[in-house]
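Here is a short report on aromatic rings and their surroundings. Look at the model first, then read on.

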Amino acid sequence: MSSLLSKEISHFKTLASSWQNPNGPLYTLHRLNPTRLQYVRKFVQLNKGAVQQQHAQPQSHSTYYAPLVQNCLDIGSGAGIATKNLANWCENVTAMEPTEELIQYAPKMDNVTYVNGLVEELASQEGNRGKFDLVCALEVVEHVADLELFVKSISQVLQEGGTLVMSTLNRTNKSFWMGIIGAEYLSGIVPVGTHDWHQFVKPEELIQLLAKNGIEVVDVVGVIYNPITSEFRLDYDDVSVNYMLAARKVVKETKQEKELNERRSTSGSE
C-alpha cells in the first residue's frame, strides 16, 4: 500500500516552475502561508512549555522562551513555501516531497534536507522512529490515497510529546461550492484540478484516526478567506471549509510511573 495518489504528481508537475511566484497560479497558497506558520509556531511554543513544565522547575511566562524545534518534518513540502519559514526557527528541517520536479525549485538552505519520497518510506527506516519533535502536513491530507497508512507513519516518526500540525479541507456541501466550484472554476484563485471533494476529510474523522495512533488533538480552528482583501484569518466558529488542527503525541507512562500512579490510586481509595 502507498499514501501516494499518482494523479496528484502529474498535476503538481505542471505547476513546478511557477511555485515560488507569489503572483502566479499558487498566489492563494502564498497568501495563506503566514497564517499557517503563526499557528504552527504558537502550538510549538505551547507544547514545548507544557513538556518542559513536566520535567523542570516552574518558571514565570515572562522569563520563559520556548526552545527552537530540533528536528522538523515538513510533509508534502512542494517547492518549499512553508519550509523556508520553518527553517528560520527549526534547527533541522526534513522536507518530504513526492514530486521530484518541485524539489528542483525549492530554496536551498543549510539546515534543510529535501527528500523525494513518502512519509511511510521514512517511517520504515528505524533511525527515523520518534525522531521529529515537530511534524507539519499543510494542505496535504486532501491529496493522500491511504489516510490510515499516512497517519500511522506520522505517529511512528513523531516523538512522544511532539507536536503535529495539519491544515486541510472539510468534506461539506459548502466546501464543494466554495473550495472547488468557487475557488477553481469561478474565481480561478486555485488551479483547476487541484482538489477532489471526495478526498476531503471531516475534522471528527481525522481526530478519531489520530487518536487511534496515539496522537491527541488539542485544537481545531477554521481558516477563512476574504476574497476582497485576499487575506486569511482563523475562526473557531467556522470549520466548514478550510481548517487547521494542532495535536500532541501521547507520552507513554514508564513502568515506574505506572506503578507509582497505581499506588496513589490505591491509597486514595482507602
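## An exposed tryptophan and its partner

Tryptophan 177 is exposed in this predicted model.

## Aromatic pairs

A search of the whole structure finds five aromatic pairs. In one of them, the ring centres of tyrosine 39 and phenylalanine 43 are 4.8 Å apart. Their planes meet at 50°, so this pair is tilted.

Tyrosine 39 counts as buried because its relative accessibility is 2%. Phenylalanine 43 has 9% relative accessibility, so phenylalanine 43 counts as buried too.

Phenylalanine 176 and tryptophan 177 make an edge-to-face pair. Their centres are 5.4 Å apart, with 85° between the planes.

## A cluster of rings

Which residues form one aromatic cluster? They are Phe176, Trp177 and Trp197.

## A lysine over a ring

Tyrosine 114 has a charged neighbour: lysine 108 lies over the face of its ring. The distance from the ring centre is 5.9 Å. The cut-off for a charge over a ring is within 6 Å of the ring centre.

Note on methods. Residues numbered from 1 in each chain as written. Predicted model: local features only at pLDDT ≥ 70, side-chain atom pairs only at ≥ 80, totals over all residues. Heavy atoms only, no water. Phe/Tyr/Trp six-rings, centres within 6.5 Å; stacked < 30°, edge-to-face > 60°. Buried < 20%, exposed > 50% of the residue type's maximum accessible area, 1.4 Å probe, protein only. Lys NZ or Arg CZ within 6 Å of the ring centre and 35° of its normal.
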